[in-house]
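Take a look at the model below.

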Amino acid sequence: MRALSFGLLGAALGLTSTVDAQSAVATRGPLTRAERTNYLETSTYADVIGFVDSLKAMGAPITVSELAKSPDGRSLPLVVASRPKVSTPAEARRLNRPIVYLQANIHAGEVEGKEAVLALLREWSFGKTPNVLDSLVVVVIPIYNADGNEKLADQARNRGSQLGPAMIGERPNGMGLDLNRDYVKAEAPETRGALAAFNAWNPDLFMDLHTTNGSYHGYALTYSQSLHPAAPLAPFTIDTLLPEIRRRMKARHSFEVFPYGNFSSADGRESITAPTKSAWVTYEHKQRFGTNYYGLRGGISILSEAYSHDPFERRVASTRAFVQEILSYVSERRPQILARVKAGTAASTFAARTPAAAKGVPVRGRFFSRPDTQPVLVERLDRIADSTQRTEPGVPLGVRRTGAIAPQRMPVVDRFESALTRTPTSGGYVFDASYTGVADLLKLHGIAVTTLSAPQQVSVEVFQVDSVAKSGRPFQGHQEVSLTGAWRTESRTLPAGTFVVRSGTPRDLVAMLLLEPESDDGLVTWNHFDAALAKGKDAPVARLKTPLR
């Protein structure tokens with residue numbers, strides 16, 4: 001057991017602002033707003049734009065373009081950093097280096113990633129020794145949710161379970177959407193911009209930088225791979241890459257890190273004052289989440305979650321260290337990483353008849369049924385006599401943090417397995433010409449969609465619906481749909497104009513999980529086919545038994 005002080009200043013828990021300021025001076029360049037205010041404030045949109053403009057004016061090896069225009073009209077910067085400087089994906093690919101995509105501030109109250117990537121851009125740009133910019137191309141989205149960032153309000157309102165700063169932005173974007181639930185339906189301009197960037201830059205590594213708002217534990221940061229059981233490189237990420245990063249974070253930075261989760265019992269999240277915890281359980285596997293989604297494109301995908309109950313300065317420091325160590329790992333193993341991603345891309349391409357395609361693809365997931373039992377660091381919290389007193393920002397009324405942290409052994413559920421597996425089609429999918437919105441959405445995901453120029457007789461697999469279940473409560477403006485039913489094979493004549501998604505591309509896996517009627521997070525889920533769904537009717541998307549002529 002170890003005892004720590006968790007006071008607001010947190011001087012014993014991380015770098016002081018003086019050290020950060022000295023670092024900025026030593027490497028030249030501007031200070032972030034967090035650094036300038038001794039971590040009492042976070043950067044506004046204008047601060048971020050001004051910081052990036054300052055780097056550019058000072059000769060940093062960066063190019064800046066627009067990812068998207070936010071709902072409220074703000075231009076979201078896309079910063080590409082590399083030595084030599086590159087401006088286009090074609091130039092980046094000619095360097096034959098891994099391309100890394102860092103995304104911060106998707107939830108605008110979770111501001112640590114924003115501050116961390118700005119400071120890292122400065123240090124990489126003006127450092128006196130070679131660094132990751134000499135071996136990688138780094139694409140940085142420092143303020144993905146700019147509209148939410150500007151809706152500053154008291155931390156107790158916008159992020160009730162967080163230890164400062166006093167004023168922060170809010171979780172939704174300018175449309176009221178949670179951007180980290182939008183990667184399938186892509187209704188927000190930010191998401192559409194991100195998908196376009198994925199298609200253009202085709203990153204080898206995607207990192208999404210967050211901050212927790214959950215359990216009290218002993219880790220400066222928690223992390224996750226893509227949790228979807230079909231993600232090709234998820235096993236490598238969670239079993240090889242991230243354990244090495246965990247070792248480095250402790251050895252080099254004295255930060256304990258661990259797979260993401262919360263203390264959960266059979267009845268849900270555990271009471272924060274329960275002395276013994278039942279299990280440590282991760283979040284959903286569904287592809288609506290950015291990290292889960294990107295892993296289905298064949299690349300490496302990592303979620304970073306700074307610990308919300310640490311002081312702000314320490315949260316930024318742990319995020320900076322985590323990003324730096326992962327990028328250093330990728331830099332050290334450039335050929336191996338490129339080979340891994342090439343294999344992941346091949347595993348996502350079904351016409352190649354990969355082993356994954358031959359044994360089937362999980363279209364629904366469930367928590368892994370045989371989790372390991374491991375020690376997890378738990379902080380003890382006590383109840384106090386005065387139930388109306390708040391002992392620290394982010395802590396519930398009537399509760400006191402003790403700073404006493406000890407390991408407890410418990411099941412660690414940090415991955416998923418298949419709940420329903422389907423064999424990929426070698427021919428692809430077809431659907432009626434009336435579904436132009438579906439075709440446009442698939443194209444946003446980088447999926448090629450064509451149309452038949454003349455009628456064609458084909459053999460197809462058709463899904464006949466037995467039941468349609470709609471969620472009783474709307475989520476993100478939708479009532480989620482799930483289907484049961486059975487498949488049959490028949491001959492059909494497809495009319496001219498029919499939309500076709502052919503197999504044989506790196507987006508096969510994404511296309512399958514969007515179009516399969518039984519997928520637990522596909523286009524059926526998000527109401528794109530509601531008018532055609534009823535008991536006894538055929539689902540609108542059919543599988544081609546063989547490729548079209």
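Helices (H or I, at least four residues) and strands (E, at least two) are DSSP runs, numbered from the N terminus. This is a predicted model, in which local features need pLDDT of at least 70, side-chain atom pairs count only at pLDDT 80 or more, and totals for chains, interfaces and linings use all residues. Residues are numbered from 1 along each chain as its sequence is written, and side-chain values use heavy atoms, with hydrogens and water left out.

Start with the cavity. A cavity is a set of points on a 1 Å grid over the protein atoms alone where a 1.4 Å probe fits but cannot get out; lining residues have an atom within 4 Å of a point. The whole structure holds one cavity of 30 Å³ or more. The largest cavity has about 60 Å³ of space, a volume being the space filled by probe spheres set on the points. Its lining includes F350, T425, Y429 and R502. At least two lining residues come from each of β19 (428–431), β23 (499–502) and α15 (508–515). The most come from α15, with three residues.

Now turn to helix α12 (residues 334–347). Its 14 residues should span 20 Å at 1.5 Å a residue, and its end C-alpha atoms are 20 Å apart, which agrees. The expected span is 1.5 Å times one less than the number of residues. Buried (under 20% relative accessible area, 1.4 Å probe, protein chains only) are I337, V341 and G344 of α12. They cover an arc of only 55 degrees around the axis, which puts them on the same side of α12. The arc is taken from the directions from the helix axis to the C-beta atoms. P335 and K342 are exposed on the other side of α12, where exposed means over 50%.

Conventions:
1 Å grid on protein atoms, 1.4 Å probe; cavity = no way out; pocket = protein on both sides within 12 Å on 5 of 7 lines; lining within 4 Å.
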